[in-house]
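Please read these comments alongside the sequence and the coordinates.

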Amino acid sequence: MKEESKVLTEKETDLLVSDFLENYESYFDRPFYMEVLAQPLAKQYLRPSSLKVCLAYHLLTKEWLKAKLTEQTFHENEKQRIYLEPGKLKDYLPKEDWDLAGDYLFPGDKQAYLELTADKKKLLLPSNKRQQLQHFKTSLANCQSWQKLLYHIKENHADLSVNWHFKNQSKLEVTLTGRKDHEHVFALKEPEEMNEEYDKFLANSKKKEANYKKKIKEKVAPSSLRGNLLARAIAQLALRNETRITPNNCLKILRGLSYPDYDAINHSDYDRRFRFLPNQEILQVIEAMQKDELIAAEERFYSDYHVYYHELVPTDLTEEFLNAEAAEGSDLALLKELNESADKTDLSAFNVVKLSQELLQHPALVCVDQSYQAFIDQHDLAREYLKTRLQLTTNKFTKKYLRLLLEGDAEKSIPGQAVNA
């Protein structure tokens with residue numbers, strides 16, 4: 001026959017709690033757990049399922065356990081389980097511990113119960129829970145090792161950005177990202193060994209990065225489009241947008257023609273600046289850029305209308321092209337020469353006429369930067385030369401362009417449809 005249930009006295013409660021914590025002290029090293037849980041890596045590495053089962057044990061306090069036992073009734077000579085709800089942790093933990101635990105464990109989480117067994121006036125930690133807690137303690141130690149490696153990476157990865165994710169509980173995949181991605185999987189070892197392995201990986205990645213950059217520069221160097229403002233605008237649109245940039249849309253954006261999706265794209269530094277240029281000139285530059293592999297055109301399928309179209313996308317060369325030095329005879333090279341010559345009073349007539357002739361061949365420059373006007377204002381011969389060319393030419397586009405040069409207002413656009421050169 002069962003004996004009557006009884007509530008423990010304060011002395012009996014103290015004895016039970018003291019005995020329990022003395023026997024299982026190694027399982028409840030709260031300072032260590034708090035230290036690891038506070039590390040940035042912990043939330044990525046520690047599995048939520050493990051946390052729900054184990055975290056409440058790690059936060060166990062003497063006061064919390066005593067408070068629960070004062071409410072618990074016991075039957076003599078009968079094992080019984082005691083469940084401690086983690087939602088009540090808050091009342092018995094220091095605020096900083098609860099704030100940290102709250103990032104992992106939420107009040108009322110029924111899966112995160114604590115299970116203790118009462119047997120002949122002793123509190124026991126079930127063997128399966130001991131194994132689970134020991135495994136989790138090992139996971140925390142592993143987390144600490146990984147964190148040391150990541151601190152080492154942060155101090156040593158120089159100009160390469162670092163990303164990582166866990167392949168499993170014993171392997172970390174690190175990606176160094178520069179102009180090229182370099183990946184390596186680190187198996188869990190002693191922190192010193194992982195640091196040494198990373199240093200070798202970093203040195204090899206830097207070597208590959210340098211070789212990659214060198215090859216890209218060598219491919220971009222022969223292009224005569226370096227410093228071409230129209231080409232730069234096209235490259236920026238391709239680089240900054242994942243969709244919508246077809247050759248025809250690119251033309252509309254740069255010329256300021258009607259384009260319904262204009263507000264939805266990432267703009268270039270030159271949008272709507274080339275309204276003066278003919279359509280054909282922009283399309284020719286797009287073709288030339290594709291030929292030099294500065295951009296590419298990938299085929300897309302628009303399912304709503306069952307049509308295929310080509311979208312402009314960046315290549316490995318696009319970013320380097322935008323950063324490359326201007327080619328001789330390009331828009332930017334001419335702009336530099338015009339700015340340097342603007343204040344020279346001793347510039348020969350030959351050079352004045354030569355620069356004026358070159359200016360006529362770079363209408364994109366006039367659309368974007370009107371500092372050329374200082375050169376024309378400083379040198380009367382340049383203005384006289386341009387006036388003479390205006391009187392002699394019969395080409396509509398050239399006439400319009402010469403008027404803009406002489407008036408100093410390149411923002412005026414040709415009314416109606418584009419006039420082909």
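The numbered points below begin with the basis of the model and then turn to its parts.

1. Basis. The structure is a predicted model, in which local features need pLDDT of at least 70 and side-chain atom pairs count only at pLDDT 80 or more, while totals for chains, interfaces and linings use all residues. Residues are numbered from 1 along each chain as its sequence is written, and side-chain values use heavy atoms, with hydrogens and water left out.

2. Overall. The protein has 18 helices and ten strands (DSSP runs numbered from the N terminus: helices are H or I of at least four residues, strands E of at least two). Of its 421 residues, 44% count as buried (under 20% relative accessible area with a 1.4 Å probe, protein chains only). Among contacts with a separation of 6 or more, 66% come from residues 24 or more positions apart (contact means heavy atoms within 4.5 Å).

3. Strand pair. Strands β7 (residues 171-177) and β8 (residues 181-187) run antiparallel and are joined by seven bridges (strands pair if DSSP finds at least two bridges between them). The hairpin from β7 to β8 passes through three residues. Val174 has His184 in β8 as its bridge partner.

4. Largest pocket. Its volume is about 200 Å³. A pocket here is an open set of points on a 1 Å grid over the protein atoms alone, where a 1.4 Å probe fits, with protein on both sides within 12 Å along at least five of seven lines; lining residues have an atom within 4 Å of a point. The volume is the space filled by probe spheres set on the points, which are joined across faces, edges and corners. The lining includes Ser224, Glu281, Asp331 and His362. Helices α11 (279-291) and α15 (363-368) are the elements that give two or more residues to this lining.

5. Second largest pocket. About 170 Å³ of space lies in this pocket. Its lining consists of Arg244, Thr246, Asn249, Tyr259, Asp261, Tyr302, Tyr309 and Glu311.

6. Asn249. This lining residue of the second largest pocket sits in helix α10 (residues 247-255). Is Asn249 buried or exposed? Asn249 counts as buried because its relative accessible area is 16%. Its side chain reaches the backbone oxygen of Arg244 at 2.7 Å. Beyond neighbours within four places in sequence, Asn249 is in contact with Arg244 and Tyr259, and both of these also line the second largest pocket.

Technical notes. Buried means under 20% relative accessible area, exposed over 50%, partly exposed in between (1.4 Å probe, protein chains only). A polar contact is a pair of N or O atoms within 3.5 Å; within protein, one must be able to donate a hydrogen and the other to accept it, and residues adjacent in sequence count only if both atoms are side-chain atoms.
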